[in-house]
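User: I would like to learn how to read a model like this one. Please take me through it feature by feature.

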Amino acid sequence: TIVPLDALRATDGLLLLIPLMQRSQEAEAKLRSLAQKCRLLSIDLLRQCTLEDLWKTGAQLAGAEVSETKIWEIWANEVLTREAEGVGRSRSAAKVRKRVLSQWGLRHLPEGLELAIQSCLRSI
């Protein structure tokens with residue numbers, strides 16, 4: 001069984017490899033394609049999981065020190081969408097930031113997550 005964290009970590013790994021393949025356009029294109037497929041799988045898996053599991057997945061990403069904004073955007077978009085029901089995206093972003101800090105025991109948000117939240121808010 002593939003869990004959302006597996007798909008997100010696979011996407012992260014593929015994105016990290018892309019810059020190493022710049023000498024081979026074919027290899028770079030294949031990696032981009034695989035990363036996109038993993039991204040879509042991640043989105044689908046996150047949509048299927050409970051809100052509790054969604055938050056656990058985010059905590060695991062933070063614990064694994066994932067910094068890639070593109071990975072955090074996948075998670076942030078899903079959590080903001082769910083948390084925004086009835087309160088709007090801006091208020092849900094503040095709620096998410098507060099919950100991340102308190103629930104995950106952090107002093108500040110991971111940089112990639114903060115950038116992802118900002119990106120999600122701009123894309124409204």
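Predicted model: local features only at pLDDT ≥ 70, side-chain atom pairs only at ≥ 80, totals over all residues.

User: How much space lies in the largest pocket?

Analyst: About 300 Å³. Volume here is the space filled by probe spheres set on the points, with grid points joined across faces, edges and corners.

User: Which helices supply at least two residues each of its lining?

Analyst: Helices are DSSP runs of H or I, at least four residues, numbered from the N terminus. Here α1, α2 (25-48) and α4 (69-83) each supply at least two lining residues. The largest share, seven residues, comes from α2.

User: What is the lining of the largest pocket by class?

Analyst: Ala, Val, Leu, Ile, Met, Phe, Trp, Tyr, Cys and Pro count as nonpolar; Asp, Glu, Lys and Arg as charged; the others, Gly among them, as polar. The lining has six nonpolar, three polar and six charged residues.

User: Now burial. Is W75 buried or exposed?

Analyst: Buried means under 20% relative accessible area, exposed over 50%, and partly exposed in between (1.4 Å probe, protein chains only). W75, in helix α4, has a relative accessible area of 0%, so W75 is buried. Contrast L40 in helix α2: its value is 46%, so L40 is partly exposed.

User: Which residues form a nonpolar patch on the surface?

Analyst: Patches take residues with over 30% relative accessible area and no salt bridge; like charges are joined within 9 Å, nonpolar side chains (Val, Leu, Ile, Met, Phe, Trp, Tyr) within 5 Å. L17, L20 and M21 form this one, with about 270 Å² of accessible area together. Accessible areas come from the Shrake-Rupley method with a 1.4 Å probe. L17 lies in helix α1 (residues 4-17). Its relative accessibility is 37%, so L17 counts as partly exposed.

User: How many salt bridges does the count come to?

Analyst: Side chains of opposite charge can pair when their charged atoms come close. The rule is a side-chain nitrogen of Lys or Arg within 4 Å of a carboxyl oxygen of Asp or Glu. The count comes to eight. One of them joins E26 and K30, with closest N and O atoms 3.3 Å apart. These two are four residues apart in helix α2, so about one helical turn separates them.

User: Which salt bridge links R97 to a distant part of the chain?

Analyst: R97 pairs with E114 at 2.8 Å, N to O. R97 sits in helix α5 (residues 89-103) and E114 in helix α6 (residues 111-122), 17 residues apart. R97 is partly exposed because its relative accessibility is 23%. Elsewhere, salt bridges that share partners join R47, E78 and R82 into one network.

Note on methods
Residues numbered from 1 in each chain as written. Heavy atoms only, no water. 1 Å grid on protein atoms, 1.4 Å probe; cavity = no way out; pocket = protein on both sides within 12 Å on 5 of 7 lines; lining within 4 Å.
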